[in-house]
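Thank you all for coming. Please bring up the sequence and the model, and I will walk you through a few places in it.

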Amino acid sequence: VLIDTTPLPASIPKVEEVGASSAPLMSAAYFIGARCKAFNDDYMMCKTEAHGRGEFECMKEGRKVTRCAASVIDDVTKNCLQQFRNHWECLEDNNQQLWQCRKWEWKLNACVYQKLGLEKKIPGAPEHEIPVHLRKRQIYSQNERGVIA
């Protein structure tokens, strides 16, 4: 294993890693997108202008994205810990299948909206249709006996 110990330049801000596995990140993804959109857009613009490269040139913008994502995880944990934990544990137990965890997702979404003002919106979803995560009857769902209906 090779580890580069060269320190980064002082112009690149230091930032702690988010420190979450895939299930909590997936659970909070839309809230991260809602709060961190401007930072994400800046990072993607930097990468685009660097023609797909820019790992070093765009690190400052990338660090802002990481810092913003960490702040969302922190706020959701502080304000909606039980709902957050229920949802990401369900995702972890169900192979990250969102449709398996809608009951917990609805509770998490309500808590995050009430306490943080962040709302889950799916980019590109048709305006005239009920978003998939708000439909009372899911196309793929388990009934009381655990059978996929």
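**Around E105**

If we leave aside its neighbours within four places in sequence, E105 is in contact (heavy atoms within 4.5 Å) with H87, L98, K120 and H133. Before I go further, please keep in mind that this is a predicted model, in which local features need pLDDT of at least 70 and side-chain atom pairs count only at pLDDT 80 or more, while totals for chains, interfaces and linings use all residues. Residues are numbered from 1 along each chain as its sequence is written, and side-chain values use heavy atoms, with hydrogens and water left out.

E105 sits in helix α3, where helices are DSSP runs of H or I with at least four residues, numbered from the N terminus. With a relative accessible area of 2%, E105 is buried; buried means under 20% relative accessible area, exposed means over 50%, and partly exposed lies in between, with a 1.4 Å probe and protein chains only. K107 is also placed in helix α3, but K107 counts as partly exposed because its relative accessibility is 44%.

Taking the helix as a whole, α3 covers residues 102-116, and at 1.5 Å a residue its 15 residues should span 21 Å, which agrees with end C-alpha atoms 20 Å apart; the expected span is 1.5 Å times one less than the number of residues. The buried residues of α3 are R102, E105, L108, N109, C111 and V112, and what covers them includes α1 (22-49) and α2 (59-93). After α3 comes G117, whose phi is positive, near 75°.

Let me turn to the space inside. How many cavities of 30 Å³ or more does a search of the whole structure find? There is one, a cavity being a set of points, on a 1 Å grid over the protein atoms alone, where a 1.4 Å probe fits but cannot get out, with lining residues having an atom within 4 Å of a point. The largest cavity holds about 70 Å³ of space, where grid points are joined across faces, edges and corners and the volume is the space filled by probe spheres set on the points. E105 is among the residues that line the largest cavity, and so are H87, L98 and K120. The largest share of that lining, four residues, comes from α1, and α1 and α3 each supply at least two residues.

Finally, the disulfides, meaning pairs of cysteine sulfur atoms within 2.5 Å. A search of the whole structure finds four of them, and, with bonded cysteines counted along the chain, they follow the pattern 1-4, 2-3, 5-8, 6-7. C80 and C111 form one, with their sulfur atoms 2.1 Å apart. This pair links distant parts of the chain, since C80 is in helix α2 and C111 in helix α3, 31 residues apart. The torsion about the S-S bond of C80 and C111 is about -90°, so this disulfide is left-handed, and both C80 and C111 are buried.

Another disulfide joins C36 to C68, at 2.0 Å from S to S; C36 lies in helix α1 and C68 in helix α2, 32 residues apart. A disulfide also joins C46 to C58, and because C46 lies in helix α1 and C58 in the loop between α1 and α2, this pair ties together parts that are 12 residues apart in sequence.

Terms used. 1 Å grid on protein atoms, 1.4 Å probe; cavity = no way out; pocket = protein on both sides within 12 Å on 5 of 7 lines; lining within 4 Å.
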